Amino acid sequence: MADNSIVSMPVIDTGTIISSILIILIAYLCIRVITFILVFISERAGQYRITVKMVLPLLKFSIYGYTIYYILIYILKWESSQLILFGGLLGAGIGFGLKDLFADVIGGIVITFEKPYQVGDKIKMGDYYGEVSDIGIRATKIVTPDDNLVSAPNYLIFTQAVASANAGASEMMVVIDLFIDSDSDAVLAMKILKESVVTSKYVYISRKRPFTILLKDFPFYRRLRAKSYVNDLRYEFEFESEVTRRAWKEFSRNGIEAPKVNILES
Amino acid sequence: MGNDKIETPSELIGFREEIANIQTAIADFESGRNLNVAIISEPYAGRTAIMNEIEKMILQKVTRFSFSSIVKNKDEIILSGPSKRIVLIDDCQFLYMRKIGGFDVLEYFLNLVSNPAILFITTWNLYSWKYLDEVLNIGKFFPVQINLPKFTTYQIKESILSGYKKDEIIFVRDVEFEKEKIINFMKYPVSIKSWKKTIELPYFKINYDFLKLRLLKKEEIIASEDIIFGKIHRVSNGNPGVAKIVWQRSLEYPTIKPSNVKDESFNIELDYNEAFILNLILSMKSITNDDLSEIAGPDYQVGKIIFRLSKQGLISVEDASCIIRPEALKSVIEFLKKLRLVW
């Protein structure tokens with residue numbers, strides 16, 4: 001009997017399925033092993049931690065991409081006409097409900113190559129703020145300061161602005177505000193805040209990463225603002241806390257007071 | 001001082017250019033151009049030797065001060081007394097403390113060195129200098145900055161052997177060293193938190209000294225000598241002071257063999273507070289326990305931290321002062337750089 005179909009369907013037997021599953025499993029294991037080794041190395045690489053982790057998403061996408069290619073070409077032995085058919089079916093699938101998953105995968109590829117953020121960065125995406133622990137095929141994992149693991153779908157990159165506090169560097173700027181009474185000696189307070197910052201065990205200062213101490217007057221109080229870099233973004237809150245604590249200790253020794261409660265009479 | 005060149009002693013053989021630069025700064029000063037000098041190096045790297053040499057060269061014209069512990073009071077800095085117009089000051093890192101209110105003495109000192117009538121030649125610990133240059137921009141007060149370079153293997157060899165007569169030291173064939181392998185398989189412990197287990201990952205380490213010996217195929221004695229100084233250079237990381245100490249500890253007078261030069265590896269395990277205290281010690285090279293406690297403040301249990309640092313072989317405690325151990329210097333610097341405590 002003559003074959004009337006336009007494209008002959010590939011024969012998928014048990015062996016083909018087992019081979020494909022095995023190859024996917026090997027790819028998955030490879031990624032796990034590489035991830036483990038790279039994370040192990042990066043955590044010991046100090047300031048180069050983020051640089052080492054940077055290659056992880058690229059490796060993941062490359063390995064998964066090559067795995068799919070290998071299965072289609074060498075296991076299923078599809079020809080170009082069959083690939084076109086598969087493309088059509090995939091398009092239909094996307095239309096019927098896989099579009100979010102597809103958008104996530106494309107989002108993942110965009111994140112990998114465009115690098116709006118990288119593994120190890122501190123980012124703010126939507127309502128979430130934290131350190132990027134993984135950029136996966138479907139989602140980006142963020143560890144929040146409260147140690148919650150948030151999985152943000154990769155497609156958010158197309159719909160929401162993402163703020164990266166450090167953009168691939170280990171250090172990041174931390175803004176520390178202290179409020180003092182208007183009658184207190186602001187010059188002395190600025191000197192103390194400056195020395196609290198520069199003597200902190202977490203501070204990082206260089207020509208490109210300078211520190212600044214600013215003063216602003218408000219009706220009933222003054223705001224001192226220190227802008228400086230923490231040497232490792234993981235110490236962001238420790239840095240802020242240490243500077244604040246030491247500065248206030250010195251403020252009270254020097255008679256610099258917190259703002260008093262004022263009532264504005266109408 | 002004129003243009004008469006004084007021959008550099010062989011122990012300062014790696015610093016010829018630096019000494020020439022200082023001579024130029026002195027000559028410029030005498031012709032009316034005052035450019036204060038800062039000689040900067042890591043601990044043990046030869047700052048004092050250079051200052052001794054400068055003092056010897058212009059003995060009649062200089063006054064010399066040395067700080068050996070942290071200066072806490074402005075009155076302790078008395079530079080106005082001498083009529084000499086060139087002042088040498090050793091170890092200026094002792095003029096500040098890394099704490100709130102710890103920069104006042106240094107600020108006062110920087111005002112003093114702004115006096116155009118006096119040339120100040122100062123020495124600084126490299127890590128204190130880098131810190132202070134970022135925080136206070138002290139570099140602008142010392143237009144001539146001389147960073148002491150690392151010695152090459154040849155310079156280390158020449159510097160050390162200058163203290164002995166020709167053929168006084170016997171470089172012996174080393175049976176233990178000959179038995180060594182070019183590639184050694186080692187095991188690196190890796191703790192996996194989720195399994196609560198420690199596994200040992202195999203890795204290989206190349207024995208460069210032995211490989212070099214095999215590749216060179218020179219005469220036995222020459223090869224041994226080269227290997228010894230190559231090893232000393234690697235252990236000391238080109239630091240002449242450390243190299244000398246390693247040499248002295250390896251020498252079984254009058255013989256020395258490659259296997260005697262021990263490459264102590266330090267697997268440093270410290271928490272952040274301990275690392276910070278170690279950084280304070282490195283920045284001073286030597287600091288009293290009391291000063292350390294004063295800088296660190298009440299939040300640190302300095303006594304316990306000193307015990308931990310000492311137990312890991314990173315510092316030694318002598319006369320209630322903490323001193324960075326020369327053998328550990330290289331590992332300490334690498335460790336603190338990783339933590340970004342040293343910039």
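Reader: How many salt bridges does the structure hold over all chains?
Author: The structure holds 34. This is a predicted model, where local features need pLDDT of at least 70, side-chain atom pairs count only at pLDDT 80 or more, and totals for chains, interfaces and linings use all residues. Residues are numbered from 1 along each chain as its sequence is written, chains are lettered from A and ligands numbered from 1 in written order, and side-chain values use heavy atoms, without hydrogens and water.

Reader: Why is the contact of A:Glu195 and A:Lys191 called a salt bridge?
Author: The term asks for a side-chain nitrogen of Lys or Arg within 4 Å of a carboxyl oxygen of Asp or Glu. Here N to O is 3.3 Å. So the pair qualifies.

Reader: What separates A:Glu195 and A:Lys191 along helix α6 of chain A?
Author: They sit four residues apart in that helix (residues 186-198), which means about one helical turn. A helix here is a DSSP run (H or I, at least four residues), numbered from the N terminus.

Reader: Why is A:Glu195 called buried?
Author: Buried means under 20% relative accessible area, exposed over 50%, partly exposed in between (1.4 Å probe, protein chains only). A:Glu195 has 7%, so it is buried. A:Lys191 has 36%, so A:Lys191 is partly exposed.

Reader: What makes B:Lys157 and B:Glu225 a salt bridge?
Author: Their closest N and O atoms are 3.2 Å apart. The pair links distant parts of the chain, helix α5 (residues 153-161) and helix α8 (residues 220-236) of chain B, 68 residues apart.

Reader: Is B:Glu225 buried or exposed?
Author: Buried, because its relative accessible area is 16%.

Definitions and conventions
Helices (H or I, at least four residues) and strands (E, at least two) are DSSP runs, numbered from the N terminus.
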